[in-house]
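Me: I'm new to reading protein models. Could you take me through one, feature by feature?

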Amino acid sequence: MLGAMQDWDLVVTHLIDHAAREYGEREHITYWADGTETRTTWAGVRHDAKRMTQALRAAGVRKGDRIATLAMNHSRHLVTWYGAVGVGGVLHTINPRLFDDQLEYIVTHAEDRVLLYDAAFQPIVDRMRDRWPCVETYVCFDSGDHAPAFEDWIGAHDGDTEWEKVDERDPCMLCYTSGTTGNPKGVLYEHRSTMLHAMAGVQPNLFDADSRTVVLPVVPMFHAASWGLPWAGTIPGIKFVYSQVNDPKVLCGLMDREQVTHSAGVPTVWLAMFNYLDSVGKDVRDVGKLRRAIIGGSAAPKFMIERLMKNGVSVAHAWGMTETSPIGTTGSPPANWDELSFDEQVALVMKQGRPAFGVELRCVDLDDHTKVLPRDGKSSGALQVRGPWVIKRYFKAEEDAVDSDQWFDTGDVAVIHPDGTLQLTDRTKDVIKSGGEWISSVELENAAVGHPAIAEAAAIGIPHPKWDERPILVCVAKPDMIVRAEEVLDHLRDKVAKWWMPDAVEFVDEIPHTGTGKISKKDLRERFRDYVLEKVE
Ligand code: AMP
């Protein structure tokens, strides 16, 4: 016997229909690279998405085809999300920071038929056009110099059309994740998974969004589906404040003027903002109405959490990955929050929080990945995850990426505390094994960046005849600051176990980063391949 409720497929076009109907006049603003600003509304986004759907049909795009974007954050990009799914297509957001070989690989692997791009990326398009034979139609978001301009392209249509009929298990979006080895891998989100993820995302324990929420998402729309915000934002009808450029002065100016309440970004974004505010003698509370900071992508350091909290901002320190749509966990106040001291609250937020409903986590033995470890806050193991918005199989892969019980191996190393709080300690490939015991590179790095003169730090293992590996710490000093290795070691001494203390501290001008802004340990290890520890004992 089936239940007796209505058919209402979980398809993402319902999201934009809802926002346009219920919050039609709610505005979005975009600051463009040329310094101009435009405004639109949820009703405007839907109308333009309908016109884009017609333009795509006119270009011969059909259900299931891939429509790519190479663009920063702006309202036309938002239109594209809904225009692409409106035609039954699959939106493929490309990270413009990838290397040419990766760009060639993902566009041809995805078989993108249409590419919409920012004028700033014209050099990439010029360079790659011959290597992207599958792309038939190019449209430029903000210029008509080399390809049809977006506004003209959709302008030829009236928006009077129906969304293509799709099934909730049909795909709607494709994001590639550039792992540390091999070619990037595609994660193919479905309408259903995306819808469930969006419904979860706005909850108080996660983005904590309501109809008064004004979000400046610094997380790019090309990274991990912009943490789902373009989908989730429709549910309570939030206002987006977009900037095509990532200049902290512009971002702080927008926050102030548009009274931004929420922002989301990786730690380096917040750091750049702090540095700018310091340079003009201001603090976070002096700009806009920021009350919630969502930080993820890599571990949020202590000083960052402290500074935001001292400024009255609640910090949602989130863990997730492209393969998890990306929401996995967030740090939101537990029941006893008000009884905790400020320092205890900060210590809690430094961990990665508890899972959203719909996400299950467990840690298994690092050596053989079979024994499930207790949630005791001590046993460190390989983190596995499962749930309706977690990957089952990479795009076009023949094998499932999960085991027979649907557990996906994240490649992260973590402990889970008795109350379910997740604490990431490393990446499986980055842990340092010394004398048979694991040293967390992440904890060393977090402790190091707490030093006032250190801008960034990375710990890597160096081969050692007796201990197998020993950690060294590679640091970048803040501009105009001078700091000695001994001072860094003194700073670490009461923060990490004695045997975790780095055998050496090295200073470099820059630490290599991946296309998504994370420290590239692979490149760093390569750079220090021939490094010899001074005293080996
Ligand atoms: P991506 O798919 O590019 O978003 O990368 C996902 C990876 O980023 C995860 O597997 C983690 O290694 C790392 N990551 C994400 N959030 C956090 C966090 N809050 N703390 C530490 N690492 C994180």
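Me: Let's start with charge: how far apart are the mean positions of the positive and negative charges of the chain?

Reply: They are 2 Å apart, taking the 59 positive and 80 negative charges of the chain. Lys and Arg count as positive and Asp and Glu as negative, while His and the chain ends are left out. Each charge is placed at NZ of Lys, CZ of Arg, CG of Asp or CD of Glu. A word on the source: this is a predicted model, where local features need pLDDT of at least 70 and side-chain atom pairs count only at pLDDT 80 or more, while totals for chains, interfaces and linings use all residues. Residues are numbered from 1 along each chain as its sequence is written, and side-chain values use heavy atoms, leaving out hydrogens and water.

Me: Now the overall build. How many helices and strands does the chain have?

Reply: The chain has 15 helices and 24 strands. Those are DSSP runs numbered from the N terminus: helices are H or I with at least four residues, strands are E with at least two. The radius of gyration is 23 Å, close to the 24 Å that the globule rule gives for 537 residues, so the chain is as compact as a globular protein of that length. That radius is taken over C-alpha atoms, and the rule is 2.2 Å times the number of residues to the power 0.38.

Me: What share of the residues counts as buried?

Reply: Of the 537 residues, 57% do. Buried means under 20% relative accessible area, exposed means over 50%, and partly exposed is in between (1.4 Å probe, protein chains only).

Me: How do I read burial along a helix?

Reply: Start with the general idea: an α-helix has 3.6 residues a turn, so residues three or four places apart point the same way. Now take helix α1, residues 13-22: Thr13, Leu15, Ile16, Asp17, Ala19 and Ala20 are its buried residues. They pack against α2 (42-58), α3 (75-86), α7 (191-201) and α8 (229-232). Contact here means heavy atoms within 4.5 Å.

Me: And salt bridges, how do they work?

Reply: Side chains of opposite charge can pair when their charged atoms come close. The rule here asks for a side-chain nitrogen of Lys or Arg within 4 Å of a carboxyl oxygen of Asp or Glu, and the count comes to 39 salt bridges. One of them joins glutamate 37 and arginine 257, with the closest N and O atoms 2.5 Å apart. Glutamate 37 sits in strand β2 (residues 37-41) and arginine 257 in helix α9 (residues 248-257), so the pair ties together parts that are 220 residues apart in sequence.

Me: Which salt bridge does aspartate 503 make?

Reply: Aspartate 503 meets arginine 470 at 3.0 Å, N to O. Aspartate 503 lies in the loop between α14 (485-493) and β24 (504-507) and arginine 470 in strand β23 (residues 468-477), so this pair ties together parts 33 residues apart in sequence. Aspartate 503 is partly exposed at 32% relative accessibility, whereas arginine 470 counts as buried at 9%. Elsewhere, salt bridges that share partners join Glu27, Glu37, Arg39, Lys239, Arg257 and Glu258 into one network.

Me: Last one: is glycine 461 buried or exposed?

Reply: Glycine 461 is buried, with a relative accessible area of 16%. Its place is in strand β22 (residues 454-464). Not counting residues up to four places away in sequence, glycine 461 touches Ile432, Glu469, Arg470 and Pro471. The C-alpha atoms of glycine 461 and isoleucine 432 are separated by 5.2 Å, though the two residues are 29 apart along the chain.
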